[in-house]
Amino acid sequence: MLKIVGILTLISSGILAGNMAALKLSARVRFIEEYMEFIKTLQNEIRYSGSHLEDILKEQNGNGVFYQALKKCLGYMNCGEAFPVAWKKTFSYPANNLPISKTLSEIIVGFGLRLGTTDVDGQISNCEYSYESAIPYLQKAREEKRTKEKLYQIFGVCIGAAIALFLI
């Protein structure tokens, strides 16, 4: 009986590991979608309301990973950091623990560093450029999710079953 419980535990852990890998793919897609949504919202706020950047950031209230990072950026700003420094600290690749690649992280950091440095037309152009730059990353992330999500889940089941069979 104990042997059966052990085998089921190993298979279950393989299933969970596969599902965790698949969830990372979903998290990457959601992060990029939230980032692109933020860009469009920011672009509209800059164009139509003329609000201060910090006020626009405070109005963003989402529950996703990107919005959590945005709250972290605001936390840095509340502690006295300037916006560019807070943005870079939040979205720089090695320290961010976000589900994105290094190149996308660099694009996001560059976007933030250019915010607030030009007139309204320059800000809008920055938003448009950053949005367009993120589209290939979103397409790639969606394609990876579509093609690899089930693979990771099945691979987890197989690895769990193989370890269980090996230990029998």
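**Close-up 1**
At 55% relative accessibility, leucine 16 counts as exposed, because the cut-off for exposed is over 50%. This is a predicted model. Leucine 16 sits in helix α1. Along the chain, 137 residues separate leucine 16 from glutamine 153.

**Close-up 1. Where helix α1 meets helix α3.**
Two packed helices are described by the angle between their axes and the distance between the axes. Here, helix α1 covers residues 2-48 and helix α3 covers residues 65-78. Their axes come within 7 Å and cross at roughly 60 degrees. That angle makes α1 oblique to α3. Which residues meet at this crossing? From α1 come Phe31, Glu34, Tyr35, Glu37 and Phe38. From α3 come Val65, Phe66, Tyr67 and Leu70.

How many salt bridges does the structure hold? There are six. One of them joins glutamate 144 to arginine 28, with the closest N and O atoms 3.0 Å apart. The pair links distant parts of the chain. Glutamate 144 belongs to helix α7, arginine 28 to helix α1, and they are 116 residues apart. Is glutamate 144 buried or exposed? Its relative accessible area is 19%, so glutamate 144 is buried; the cut-off for buried is under 20%. Arginine 28 is partly exposed, at 26%.

**Close-up 2. The salt bridge of lysine 89 and glutamate 81.**
Lysine 89 forms a salt bridge with glutamate 81. The closest N and O atoms are 2.9 Å apart. Lysine 89 has 38% relative accessibility and counts as partly exposed. Glutamate 81 is partly exposed too, with a relative accessible area of 28%.

Glutamate 149 and lysine 145 both lie in helix α7. Four residues separate them, about one turn of the helix. Their side chains meet in a salt bridge, at 4.0 Å from N to O. Lysine 145 is partly exposed, with 27% relative accessibility.

**Close-up 3. A nonpolar patch on the surface.**
Which residues form the nonpolar patch? They are Phe155, Ile159, Ile163, Phe166 and Leu167. Together they have about 560 Å² of accessible area. Take phenylalanine 155 as an example. This residue lies in helix α7, which covers residues 120-167. Phenylalanine 155 has a relative accessible area of 53%, so it is exposed.

**Close-up 4. Isoleucine 168, in the segment after α7.**
Isoleucine 168 is found in the segment after α7. With a relative accessible area of 55%, isoleucine 168 is exposed. What does isoleucine 168 touch, leaving out residues up to four places away in sequence? Its contacts are Lys3 and Ile7. Isoleucine 168 and isoleucine 7 are 161 residues apart in sequence. From C-alpha to C-alpha, the two are 8.2 Å apart in space.

How values were computed. Residues are numbered from 1 along each chain as its sequence is written. This is a predicted model: local features need pLDDT of at least 70, side-chain atom pairs count only at pLDDT 80 or more; totals for chains, interfaces and linings use all residues. Side-chain values use heavy atoms; hydrogens and water are left out. Patches are made of residues with over 30% relative accessible area and no salt bridge: like charges are joined within 9 Å, nonpolar side chains (Val, Leu, Ile, Met, Phe, Trp, Tyr) within 5 Å. Accessible areas come from the Shrake-Rupley method with a 1.4 Å probe; for residues, only the protein chains shown count as cover. Helices (H or I, at least four residues) and strands (E, at least two) are DSSP runs, numbered from the N terminus. Buried means under 20% relative accessible area, exposed over 50%, partly exposed in between (1.4 Å probe, protein chains only). Axes are lines fitted to C-alpha atoms, for helices over the stretch in contact, and angles run from 0 to 180 degrees between N-to-C directions. Angles under 35 degrees count as roughly parallel, over 145 as roughly antiparallel, 65 to 115 as roughly perpendicular and the rest as oblique. Contact means heavy atoms within 4.5 Å.
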